[in-house]
Amino acid sequence: MSRSRNAVLLLAAVALLALAGCSGKDEKPDNPGGAIIRSSQDPNGLRGATLDRPYTMPAATLTDTAGNPFNLVTSTKKPVTLVFFGYTNCPDVCPTVMADVASALTKLDDQVQNQIQMLFITTDPARDTGPVIRKYLDRFDPAFVGLTGSLTSIKDIAKAVGVPVEGMQRLPSGGYEVAHGAQVIGFGKNDKANVLWLSNAAIGDLAHDFGKLVEDNR
C-alpha cells in the first residue's frame, strides 16, 4: 500500500475515533493548530500518528490528586510526557487506554520507564475529585499523575492539543457521560508533541514508540 493511501486511511481513522471516548459518537477531532496527521510509516520509526505541525504543551496549571498545583510545563520534569483526557466513570474506552499504556510501560526497562510521565486529565471534574482519580489510577499504575480543574480550563487545554471535549451529556437513566477525544499525546522535553496514538493502538506499538521517544529526548 502506498504512503499516500496509508495517510488517507489514517486520517479517516482519526476522524472516526477521535471522539469515541465513552460517548459512542464519531466526529472529526478539534485541530486548532492545523496539525496535519500523516502516515504512521514515519521516517523516524514511530508507529503512531505523526503530526507535521507539533502541538505545544499549554503553560496551564491544574490541581493534582494531592491538592497541589501542577503546571503542565514546569511540573513535568521527565523527558517524555504522555497526556490523556478521560474520566473515572467512563465505561469502556478510558480504562482500556489506561490499561494499554500501563501494559506498554511494563515492557520497557526500568530506566526507560522512569523517563516517562503519564498525565490523566479528567473531563468530569464535578465527580472526579482528587481521591477518586487517585484510586482509579492506582488500578493501572500508581505513578500515573491525575489532574483536575475547572471544566472551562480543561476544555481550553484540550482544545490547544487537538482533543475535543464536549462535556456532560445526560442519559435516560438520569446519569451522564462525557464525550471526549480518546487519543494519547506524546510530548518531548521541548514541550512539543509530534505523535499521538488512537485508542485502538497495539500495546507493542505503544511500547516501541514510548522507548523511541525516550531515546530521542535524552
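## A buried phenylalanine

Phenylalanine 84 has 0% relative accessibility and therefore counts as buried (under 20% relative accessible area; exposed is over 50% and partly exposed lies in between, with a 1.4 Å probe and protein chains only). Phenylalanine 120 is likewise buried, at 0% relative accessibility.

This is a predicted model, in which local features need pLDDT of at least 70, side-chain atom pairs count only at pLDDT 80 or more, and totals for chains, interfaces and linings use all residues. Residues are numbered from 1 along each chain as its sequence is written, and side-chain values use heavy atoms, leaving out hydrogens and water.

## Aromatic rings

Rings of Phe, Tyr and Trp (its six-membered ring) pair if their centres lie within 6.5 Å; planes under 30 degrees apart count as stacked, over 60 as edge-to-face and the rest as tilted. The count by this rule is 4 aromatic pairs. In one of them, the ring centres of phenylalanine 84 and phenylalanine 120 are 6.2 Å apart and the planes meet at 35°, so the pair is tilted.

Phenylalanine 120 also forms a tilted pair with tyrosine 136, at 5.6 Å centre to centre and 45° between the planes. Both phenylalanine 120 and tyrosine 136 are buried. One aromatic cluster consists of Phe84, Phe120, Tyr136 and Phe140.

## The nonpolar core

A nonpolar core is a set of buried Ala, Val, Leu, Ile, Met, Phe, Trp, Tyr and Cys residues joined through side-chain atoms within 4.5 Å. The largest has 36 residues, of which Leu82, Met98, Val101, Phe144, Trp197 and Phe210 touch the most other members.
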